[in-house]
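Work through the exercises below with the sequence and the 3D view open. Each task is followed by a solution in steps.

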Amino acid sequence: MIVETHLDTHLSVDVGGELHVEQVPARELAERFGTPLHVISGSRLRQNYRRIRDAFASRWSAGVNVHFAIKSNPAIAVRRILTQEGAGGDCLGVPELHVSLVAGTPPERLVLNGNNKPDDAIELAVRCGARINVDDLDEVERVAAMARAAERVVTVGIRSKPDRGALEEQSSEMAALSIGAYAELSKWGLEPDDAVAAARAILARPELRLVGLHYHLGRHLSEPELFEDMAPGLAHLSQRLQREAGWAPGSVTLGGGFTQGRDPFFRNSGALAAWPQAADDFVAPIEDFAEAVCSELQRRFSERGLPLPVLGLEPGRYITASAGVTLTRVGTVKQGRARRWVMVDSPGTHLGLSRSPRDAHAIVVADGSAPDHEVVCDVVGPLCVVDVIAQQATLPAVGPGALLCVLDTGAYADGEASNANSIGRPAVILVEAGRADEIRRRETLGDVFGRDRVPPHLYVAGPGSDWHDAPAVP
Ligand SMILES: *Cc1c(COP(=O)(O)O)cnc(C)c1O
């Protein structure tokens, strides 16, 4: 194979215009497994994990823990790859703890986060030995009671809201608010005063071992400033905890929200042109984030005479987004007076667009069928809601049957997809080392309707039909 263009480390287009994921032609994957189809590159997952770990570990002398946020891509095989690489995990509830354990992640590298944690999640975390980040004062006693019942000492952290400080100045890309105001309005984390009270309450209970402070503000900016601006507040709160509760955090977690490459999140401003070729220069490289965070944190902790804590990171989208693509086939191409619609078989809801219609992904033609001339079109799914996958995108003028590839769908696509119009979710394929394996099968009618039951009184024949006329659900 003569490779003509490298779109990215794991994506290339050969001289015939065919897209390859690692060494495997996208056309072959579509023929073998059908479309729409999610494809994950295993080597890109590993690279992403290693790159973010090394970016921080090489700049932070006190040690770095990376907890993969499994909600960004909950496939067990994805978790397995990251477990092989040594990543810990950020989990919410029993299902995410369960899957992380099934994939072999050592429980002491798992963290249970979340507001309003159910008893069964706390119990599982306590019994398996995961860390629990308390998100409310009441939770301290709930965790302690479970620890006593299980006769275990439980590792806990405190999830805090940030000091508004410098975050007051930064406005979020997610909302018309400053990041400080956003954090105050959001349900997560303890106010700084309550964080101090929680520390005292935890330290008074021998069945709890307090190890760290936890922040997660989310993805607000694709520039490093957000993380840099967390530093003064973290150092200030750490000092308060030391003075008022007699405890300095041994670890400080910055949460997730790190971005990279073509970052599709909150990018839908209509300006889609020229995206596909932009590789890793679209947002600041992770090393810039690491440099900004580590130097600022080090300075702030040193000037207050605080011991340097272990640094915790919880990347989700940074690890998974760029590792995934979605193959989707063009059906109807309709030319209207106001628009040209390229209609594909993937519902927008299967690309995570149910989460934020403001996300915008780059799209490339995957099967070498791209004509030379380009047109402006809307790429839309088949649903009876407005599922626009790309709005006013400049793409080669493809016709029915063409295979398109939507880039950067590895995060929050399958994990947050819905069954709108009762359409089953696509299969997920893992490509690595020249192999292609199905790691999630396509949903069948039985999967989609498997929860349905018909109550007895509806079996009785009505004027419209005998029940016997109705086909059985497969
Ligand atoms: C969602 C989440 C993350 C991951 O966020 P990304 O933006 O995908 O990096 C990390 N930590 C917590 C607590 C989360 O809820």
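**Exercise 1.** Which residues in α2 and α10 meet?

Solution. The model is a predicted one, in which local features need pLDDT of at least 70, side-chain atom pairs count only at pLDDT 80 or more, and totals for chains, interfaces and linings use all residues. Residues are numbered from 1 along each chain as its sequence is written, and side-chain values use heavy atoms, with hydrogens and water left out.

Step 1: find the two helices. Helix α2 covers residues 42-57 and helix α10 covers residues 286-303. Helices (H or I, at least four residues) and strands (E, at least two) are DSSP runs, numbered from the N terminus.

Step 2: list the contacts, meaning heavy atoms within 4.5 Å. From α2 come Arg51, Ile52, Ala55 and Phe56; from α10 come Ile286, Glu287, Phe289, Ala290, Val293 and Cys294.

Step 3: sort them by class. The contact of α2 with α10 has eight nonpolar, no polar and two charged residues. Here Ala, Val, Leu, Ile, Met, Phe, Trp, Tyr, Cys and Pro count as nonpolar, Asp, Glu, Lys and Arg as charged, and the others, Gly among them, as polar.

**Exercise 2.** Describe how α2 and α10 are set against each other.

Solution. Step 1: the axes of α2 and α10 lie 8 Å apart, and the packing angle is about 30°. Axes are lines fitted to C-alpha atoms, for helices over the stretch in contact, and angles run from 0 to 180 degrees between N-to-C directions.

Step 2: α2 and α10 are therefore roughly parallel. The classes are roughly parallel under 35 degrees, roughly antiparallel over 145, roughly perpendicular from 65 to 115, and oblique for the rest.

Step 3: α2 and α10 cross in the right-handed sense. A crossing is right-handed if the near helix is turned clockwise from the far one by less than a right angle, and left-handed if anticlockwise.

**Exercise 3.** Describe the packing of α4 and α5 in the manner of Exercise 2.

Solution. Step 1: helix α4 (residues 93-102) and helix α5 (residues 119-128) have axes that come within 8 Å and cross at roughly 30°. That makes α4 roughly parallel to α5.

Step 2: the crossing of α4 and α5 is left-handed.

Step 3: Gly93, Val94, Leu97, His98 and Leu101 of α4 meet Asp120, Ala121, Leu124, Ala125 and Cys128 of α5. The contact of α4 with α5 divides into seven nonpolar, two polar and one charged residues.

**Exercise 4.** Which strands pair with β14, and over how many bridges?

Solution. Two strands pair if DSSP finds at least two bridges between them.

Step 1: strand β5 (residues 37-41) pairs with β14 (residues 324-335) over four bridges, antiparallel. Leu37 stands opposite Leu327.

Step 2: strand β19 (residues 403-407) is joined to β14 by five bridges, also antiparallel. Leu327 faces Cys405 here.

Step 3: strand β15 (residues 340-344) pairs with β14 in the antiparallel sense over four bridges. Four residues separate β14 and β15, which form a hairpin.

**Exercise 5.** In what order do the strands of the barrel close?

Solution. Step 1: the order of the eight strands is β6-β7-β8-β9-β10-β11-β12-β13, with parallel pairing. From one strand to the next the twist averages 30°.

Step 2: take one pair. Strands β10 (residues 154-159) and β11 (residues 208-214) run parallel and share six bridges, with Arg159 opposite His214.
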